Amino acid sequence: MSSAAIEVMSVEVQRPALYRRILAPIDGSELSQEAVPHAVKLAAATGASVAFLTVLEPFHILSTSAEMLEATREEYERHAEAQGDQILEKAAETARALGVACVTVRRWGEQPYRDIIDVAKELDCDLIAMASHGRGGVSSLVLGSVSNKVLAHSSVPVLVLRKPHPEAIRQFEKLAEAGYVGAGIA
């Protein structure tokens, strides 16, 4: 019998990452806080990092007293910045818990949708994952919809995260009890 040496070569093929950086705009609402874990889990699954953004509404002048305006403006800005930092830190903790790299950005802006689009471009994000309250009709016209405006004006793809309707949750749970689908809703 003859013996022959066989060389084995191992090649690791790396697929390009689906997403490199995901922008997750958050405003402190319950709905945006519920969207954070979804954005972070998507980042973890695709090997992306997350950039959390909160846009603070600037102070609006309603008084003519210079002293009152300055004190009121300073107090408002300090409070808004502290609240914005808390919102961002909570989101960053969620990312760190899953080992996802993240950055946080706090901006002042009159039109949050423009800041969302601008930050997505500045940070070279390839996805915006944001919550939507799902308002429609007159409510959407009067209040405006940040997510609709981002969808309409962004060149970066947008993933809109909505809270499931209670009836849909009940139906899903019935199917899970019957063994048709995996248990639980993420």
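A salt bridge is taken here as a side-chain nitrogen of Lys or Arg within 4 Å of a carboxyl oxygen of Asp or Glu. The structure is a predicted model, in which local features need pLDDT of at least 70 and side-chain atom pairs count only at pLDDT 80 or more, whereas totals for chains, interfaces and linings use all residues. Residues are numbered from 1 along each chain as its sequence is written, and side-chain values use heavy atoms, with hydrogens and water left out.

The structure holds 6 salt bridges. One of them joins arginine 96 to glutamate 89, with the closest N and O atoms 2.4 Å apart; arginine 96 is partly exposed at 48% relative accessibility, and glutamate 89 is partly exposed at 36% (buried means under 20% relative accessible area, exposed over 50%, partly exposed in between, with a 1.4 Å probe and protein chains only).

Aspartate 126 forms a salt bridge with arginine 20, their closest N and O atoms being 2.9 Å apart. Because aspartate 126 lies in the loop between helix H3 (112-122) and strand S4 (127-131) and arginine 20 in the segment before S1, the pair ties together parts that are 106 residues apart in sequence (helices, H or I of at least four residues, and strands, E of at least two, are DSSP runs numbered from the N terminus). Aspartate 126 is buried, at 15% relative accessibility, whereas arginine 20 is partly exposed at 48%. Arg20, Asp124 and Asp126 are linked in a network of salt bridges.
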